[in-house]
Amino acid sequence: FKQFASICAYALAFYAGSVFIADGTLRFADLLRVFLAITLASEGIGRISSMAPDSAKAQAAARSIFSLLDRPATSFDPLVPPPPTAPPPPRPPWPGRSRTPPPSRTPPPPPPPSG
């Protein structure tokens, strides 16, 4: 449909131009000059307007980047260890288990050599 509308607009422009040429109020070179100026301007406007959503996304991304850059600087150095923190509290025993450690599972000593 878009191409059909464009071709119909071109045909209407040339028809109007032919009427003006027949009256003697317009020369053919002037018709072509005006036709090309209007055609190229409308195509440029159409292409620019099709990029409007991308432009809005780019502006939002730029705002996000500049907000990150405007944050106060933090002292992050991977070679410097972080300051010490308090140790975590001891974890409670699991349900059903006591606090006593399990018995060791060392194998029994080998029997003494006979002989």
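Arg 27 and Asp 30 pair up through their side chains in a salt bridge, 3.3 Å from N to O; the term covers a side-chain nitrogen of Lys or Arg within 4 Å of a carboxyl oxygen of Asp or Glu. A word on the source: this is a predicted model, where local features need pLDDT of at least 70, side-chain atom pairs count only at pLDDT 80 or more, and totals for chains, interfaces and linings use all residues. Residues are numbered from 1 along each chain as its sequence is written, and side-chain values use heavy atoms, with hydrogens and water left out.

By that rule the count is two salt bridges:

| Pair | N to O distance |
|---|---|
| Arg 27 and Asp 30 | 3.3 Å |
| Arg 33 and Asp 30 | 3.3 Å |

Arg 33 and Asp 30 sit three residues apart in helix α2, so about one helical turn separates them. Shared partners join Arg 27, Asp 30 and Arg 33 into one network of salt bridges.

How exposed are these residues? Arg 27 counts as exposed at 53% relative accessibility, and Arg 33 does too, at 55%. Asp 30 is partly exposed at 21%. The cut-offs are under 20% relative accessible area for buried, over 50% for exposed and partly exposed in between (1.4 Å probe, protein chains only).

As for the helix itself, α2 runs over residues 28-50; helices here are DSSP runs (H or I, at least four residues), numbered from the N terminus. Its 23 residues reach 33 Å from first C-alpha to last, close to the 33 Å expected at 1.5 Å a residue, taken as 1.5 Å times one less than the number of residues. Leu 31, Phe 35 and Thr 39 of α2 are buried, and what covers the buried residues of α2 includes α1 (2-23).

Technical notes: Helices (H or I, at least four residues) and strands (E, at least two) are DSSP runs, numbered from the N terminus. Contact means heavy atoms within 4.5 Å.
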